[in-house]
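I'm opening my notebook on this one. I'll jot down what I look up as I go.

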Amino acid sequence: MSSQSDSGPAPPPLIAVGVIRKPHGVKGEVSVEVWTDPFERLLELTDVVLVSPDGDERREVGIESVREHGGRALIKFDAIDSPEMGGEFRNWTVEVPEGQARALEEDEYFIHDLVGMRVEDADGTLIGTTTEIFEGGGGLLLTIREENGESFDIPFAGSICTVVDVPNKLMKVELPQGLRELTKIESAPPVSGHSNVRQESLESREESPAAPTLRFDIVTIFPRMFESLLSEGVVARGIKDGRIELKIWDLRDFATDKHRSTDDEAYGGGAGMVMLAEPVIRCVEAIRTSARPHEAGLTPKIIMMSPQGKLLDQKGVVGLYGAGWLVLLCGRYEGFDERIRESIVDLEVSVGDFVVSGGELPAMTLVDAVSRMVEGVVGDRNSVEADSFYNGLLDYPHYTRPAELRGMRVPDVLLSGHAEKIRKWRKEQSLRATASKRPDLLSSAVLDQEARAILEEILRDQEGR
Ligand code: SAH
């Protein structure tokens, strides 16, 4: 413990209510990503502390005005008078003393309370310590460091973090099989500061084992496109087994005119139609109120499929799995009226830096990837664990009969029946594939000693050539 200064009691800890992202306009306003919920809380503040990204510098400032703009707050601080000054405060957090922050609700926690917790399994066996919490793209993820120094991430969801005991700094977790290995990769930057976060409330998954583990609601004007997803493959099987629930909502049923219109011309002119806001908002309202008894208290995460969204990766998939109930909005034409995003969307997700003509195929991609996380959906858990990206590496090559095909032989080791040699060969191939096809992944993959040694050899080989 560090000793206290002699200037009296320590000031109360600061709670971050947002972060400055960029200057806005010529008067020195800055655009602030708001972390308080509801947004209006911010309007009540008059004096705040700006804290530099490294936490070393603090400035007490007054708030002259706040207005909402595109889901962010435009704030005029008395100490910032120009766009240039605003730029200097990029990524500084806006913080208030803990006492001024809104009282937490039952499933809400301060980030600083969640870090440094002892993590145990249901039997009380030590698993590790929480080291950080961050936005995984689809939901909050919590990093746990084990005694041996290795770390992995879990969704901060009620179904997994079953007990969060802040006074005793204790968390009980129930890890789905394979989750630990799945997320054993280096972590994304933590959510900075001391903001508050809300736990995804999925307790009901526990209470009624018969209830599906995951619920998807798809909003589309082409419901029939989803027929194949519903009838064939792993997702269809997960639905049949009751592990996944998937509902398709025909947006036209929520249109407000007799033509059942779901789009209209763009204001400002230009080619192409725009998806109307009202039917989408009505449909999402219907989805929210369609929660069945076992889902009472759950809140769906409203996701807009969009090429402007956060790129989906395996970590994002784990986060979305943790969220439990996902509503996917599929756009068409030029996309959605912007006010949909502003008013009801929690997250925009993209499946790649290219544009396809509708959100249906991206949504199916997301549904499939997230469904694979549900135990039992993919028949053999080991096959998920061997997949590309599972441990931050690409998969090893696969072969099947015949042993010789048009003069090409299957590597001898695979025919040898020697399990240990096969394991090592596959590990080496996995590292080779990653080093040659996706070297960018190596920096964030967590490698054990054996893997590091193999990789060194591979890299030496590459240089030698
Ligand atoms: N004008 C829009 C693109 C519209 S494409 C823009 O440039 O942002 C029509 C719809 O297809 C989008 O609304 C979105 O739902 C879907 N879509 C297109 N590309 C996508 C991608 N890479 N990821 C997710 N959804 C995508």
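Here are my notes, sorted by topic.

**Ground rules**

I'm working with a predicted model, where local features need pLDDT of at least 70, side-chain atom pairs count only at pLDDT 80 or more, and totals for chains, interfaces and linings use all residues. I number residues from 1 along each chain as its sequence is written, and my side-chain values use heavy atoms, with hydrogens and water left out.

**Around the ligand**

I started by asking which residues come nearest to the ligand. The shell around the ligand has 20 residues, and M305, Q308, G331, E334 and F354 come nearest. For my notes, a residue is near a molecule if one of its heavy atoms lies within 4 Å of it.

Next I looked at polar contacts (pairs of N or O atoms within 3.5 Å; within protein, one must be able to donate a hydrogen and the other to accept it, and residues adjacent in sequence count only if both atoms are side-chain atoms). Q308 puts a polar side-chain atom 3.0 Å from a ligand oxygen. G358 uses a backbone N or O atom instead, at 3.5 Å from an oxygen of the ligand. G359 also has a polar backbone atom, 3.4 Å from a ligand oxygen. I then checked the cover: on its own the ligand has 560 Å² of accessible area, and the protein covers 86% of that. Accessible areas come from the Shrake-Rupley method with a 1.4 Å probe, and for residues only the protein chains shown count as cover.

Which strand gives the largest share of the shell? I found that it is β19, with four residues. Both β19 (301-311) and β21 (347-350) supply at least two shell residues each. My helices (H or I, at least four residues) and strands (E, at least two) are DSSP runs, numbered from the N terminus.

I also sorted the shell by type and got nine nonpolar, nine polar and two charged residues. Here Ala, Val, Leu, Ile, Met, Phe, Trp, Tyr, Cys and Pro count as nonpolar, Asp, Glu, Lys and Arg as charged, and the others, Gly among them, as polar.

**G309**

I looked up G309, which sits in strand β19. G309 counts as buried because its relative accessibility is 15%; buried means under 20%, exposed over 50%, and partly exposed in between (1.4 Å probe, protein chains only).

**Salt bridges**

My rule: a side-chain nitrogen of Lys or Arg within 4 Å of a carboxyl oxygen of Asp or Glu. That gives a count of 26.

I noted E338 with R341, closest N and O atoms 2.5 Å apart. Both are in helix α9 (residues 338-344), three residues apart, about one turn of the helix. E338 is partly exposed at 39%, and R341 is partly exposed at 26%.

D461 and R432 also pair up, at 3.6 Å from N to O. This pair links distant parts of the chain, with D461 in helix α14 (residues 449-464) and R432 in helix α13 (residues 419-437), 29 residues apart.

I found a network of salt bridges too, linking E420, R423, K427, D448 and E450.

Last, I checked E95 in strand β6 (residues 93-97). E95 is buried but has no salt bridge, and R58, the nearest side chain of opposite charge, is 5.3 Å away. (Lys and Arg count as positive and Asp and Glu as negative; His and the chain ends are not counted.) What I did find is a 2.6 Å polar contact between the side chains of E95 and T93.
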